[in-house]
Amino acid sequence: MVTKMCAVIIFLVMFALIITDKFERHLVTLGCGAATLIVVFGFCMHSMDAVVETLNVHNIFTLGFWYEAGSASESTGGINWATIIFIVGMMVMVEGMAKAGFFRWLCMAIAKLVHYRTIPIFVTFMIMSSVLAMFIDSITVILFLAAVTVELARLLKFNPVPMVLAEVFCANLGGSATMCGDPPNIIIGTSLGYSFADFITNTGVIAGISLVIVVVFFYFCYRKQLIQSEGSADEKREYPSPASAITNKKDFAVSTVIFLVAVVMLVTHAQTGLTVAFIGLFIAIVTLLFSWKDAGKILKGVDYKTALFFVGLFVVVGGLEQTGILVTIASFIEKISGGNLKLMVAIIIWVSAVASAFIDNIPFAATMIPVIKSLAQTTGADLSVLAWALSMGTDIGGSATPIGASANVVGTSVAAREGYPIGWGTYCKANVPATILVLLISTIFIWLRYC
Amino acid sequence: MSEKQVIISIGREYGSGGHAIAEQIAKNKNLPLYDYNMLQSIADEKEVNVSSFEKYDEIPKIPFVSRTVRGFSNSPEENLAQMQFEFLRKKAESGESFVVVGRCSEMVLKEFDCMIPIFVLGDMEAKIERIMRVREVSREKAMQLIKTHDRMRKSYHNYYCTGKWGDSRNYEMSINSSKIGLEETVKIIEAYIEKR
């Protein structure tokens, strides 16, 4: 009982400290992770095995960690090193791409393709945001997209706020479509052994349908504001050339090829047997080899704090898992749903969504994975159905508020720094209905297809 | 030869007359005064309407509804504060002399030796009287305004700065304007600036 209480208290303190935003979140999770190791596993459980199992280092040195012949899954207990290695690897690749000017070039090329007309830019940028976020972390996607949007807004004299808000929403939506799009999906995929193809044929279909509806929704929400500037688009202006975004042609070509290789490897990883950990490491090494002159700069640009955040987080969640508290939560969901799969799906989607709208969806997803696993075992429900519900709930719920997902924070911040502050009211006005819309689509889709 | 650069940073309690003192010093020394007028300069530079900034000026970031990711914050208050700090740094780096009111300037410009940090405080009774007169409000309202504004300034300041708001160790001079009146306070501050 004392062990459970200590694990829960550490977990709640971690969440509270993350919410207060007083300390950097990696320091919070690392501190709480250390507390879990010392207090929960050391003082309460006197279990060295629990420490070893949670740190999970031995797993890295197994063949299955890098190459899976069958459909073996990553160990769920403790630190999910596959997620961390993959995320860091992709960060290295993205740093290389950004340095070469890839993202700015892509945004400018698309703007040029649609002849710098506001509405077509609005629609194409939403789609581009979703597509890029399927493979690249949404923070990077929004960082570049929002900056170019504000730049174009200044040039074409339109208000960039609606466009940035729609792009943020679509980045989160795109992230939900694939295993590598959003951190909760990477954790779900690696923890439960689902492939890129599993995600794209399930959450990907939901995201695809939702994207079409959301583009129409945002068009009707913002058309008045955007159409006002549409008439003046024919004026003679100096448009920035896409080519000017490329800082180095060779680096640009190399980073584009590496990105395409990464996409192919991810799409085919179920067939090739290469795990996401292998793909992440491989892509990072290739990027660094081809840009060895700038390797130092690229490595410096990698956000190690996020990797450390994950390490601490997995230890704290590992503490909860070891004490069996998550099984209790699963039993509670089972009890209130009466074993009804439809009700379980609805509870997982909507509770995850509401929670993710206000708290970081990564720790929430990491905590919920053992819960849905236990739920599937005890009720006989299909684990994959619960996984898709968790994925859509956490990924989409985060779109509802400015603090729900990292892309929202970065998008609103980029806009504010350029002179367009976005408060909660402005943000939530269109994004809350859009979130509810997609959550409804997800719930109905999962009910119709799987229940 | 150009005159030596001087930056006068004036922190103040609400109702102490710190802003009026800053205005007078700027006028006497023929220096530009930076206060909320910074917003207009920032808005002009960004080609946006200043009205979108006004409600976030010198307001602390709201806890629990703000989040920071990789150095990016969703808080409009924090983003505006950072823009103002950047504005002040650029002005200081350009060699310009000026008077600045609040905005954590004593910390933001700490690296500039020519910056003279001053804090103006006042007796509660004198502050209430001043607010009642200047704002044309009741005594209760004046007390409420003082309480609210000082709480906001303290919270705003202490979030961005290591030193605490109003702590005499952060300033070269802390002066109670209620004891000798605004005019004499201006004279004493100016005398200190001359001597320094």
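Visitor: Why is B:Arg12 called buried?
Guide: This is a predicted model, and in it B:Arg12 has 8% relative accessibility. Buried means under 20%, so B:Arg12 counts as buried.

Visitor: What makes B:Glu58 and B:Arg12 a salt bridge?
Guide: Their closest N and O atoms are 3.1 Å apart. The cut-off for a salt bridge is 4 Å, so the pair of B:Glu58 and B:Arg12 qualifies. B:Glu58 lies in the loop between α3 (51-54) and β3 (68-69) of chain B, while B:Arg12 sits in strand β1 (residues 7-12), so the bridge ties together parts 46 residues apart in sequence. B:Glu58 is buried too, because its relative accessible area is 13% and the limit is 20%.

Visitor: What makes a network out of B:Arg12, B:Asp57, B:Glu58 and B:Arg103?
Guide: Salt bridges that share partners join these four residues into one network. Over all chains, the structure has 23 salt bridges.

Visitor: How do you know that a salt bridge links A:Asp137 and B:Arg70?
Guide: The closest N and O atoms of A:Asp137 and B:Arg70 are 3.4 Å apart, again within 4 Å. The interface of chain A and chain B has 3 salt bridges, along with 10 residue pairs in polar contact, both residues at pLDDT 80 or more. On the chain A side, the elements giving two or more residues are α1 (2-20), α8 (138-156) and α21 (406-417). The largest share, 8 residues, comes from α21(A). By class, that side has 15 nonpolar, 9 polar and 9 charged residues.

Visitor: What is the buried area between chain A and chain B?
Guide: The two chains bury about 2,300 Å² between them, with 56% of it on carbon and sulfur atoms. Chain A brings 33 residues to the contact and chain B brings 21 residues.

Visitor: Why is A:Cys6 in no disulfide?
Guide: The nearest cysteine sulfur, in A:Cys44, is 3.9 Å away, whereas a disulfide needs the sulfur atoms within 2.5 Å. A:Cys6 is buried, at 18% relative accessible area. For A:Cys180, the closest cysteine sulfur, in A:Cys170, is 18 Å away, too far for a bond. The count over all chains is 0 disulfides.

Visitor: What makes A:Thr287 buried?
Guide: A:Thr287 has 3% relative accessibility, and the limit is 20%, so A:Thr287 counts as buried. A:Thr287 is found in helix α14 (residues 276-290) of chain A. Its side chain reaches the backbone oxygen of A:Ile283 at 2.7 Å. Beyond neighbours within four places in sequence, A:Thr287 is in contact with residues including A:Val92, A:Met93 and A:Ile258.

Terms used:
Residues are numbered from 1 along each chain as its sequence is written. Chains are lettered from A and ligands numbered from 1 in the order in which they are written. This is a predicted model: local features need pLDDT of at least 70, side-chain atom pairs count only at pLDDT 80 or more; totals for chains, interfaces and linings use all residues. Side-chain values use heavy atoms; hydrogens and water are left out. Buried means under 20% relative accessible area, exposed over 50%, partly exposed in between (1.4 Å probe, protein chains only). Helices (H or I, at least four residues) and strands (E, at least two) are DSSP runs, numbered from the N terminus. A polar contact is a pair of N or O atoms within 3.5 Å; within protein, one must be able to donate a hydrogen and the other to accept it, and residues adjacent in sequence count only if both atoms are side-chain atoms. Contact means heavy atoms within 4.5 Å. Buried area is the accessible area (1.4 Å probe) that two parts lose on being put together, summed over both. A salt bridge is a side-chain nitrogen of Lys or Arg within 4 Å of a carboxyl oxygen of Asp or Glu. Ala, Val, Leu, Ile, Met, Phe, Trp, Tyr, Cys and Pro count as nonpolar, Asp, Glu, Lys and Arg as charged, and the others, Gly among them, as polar.
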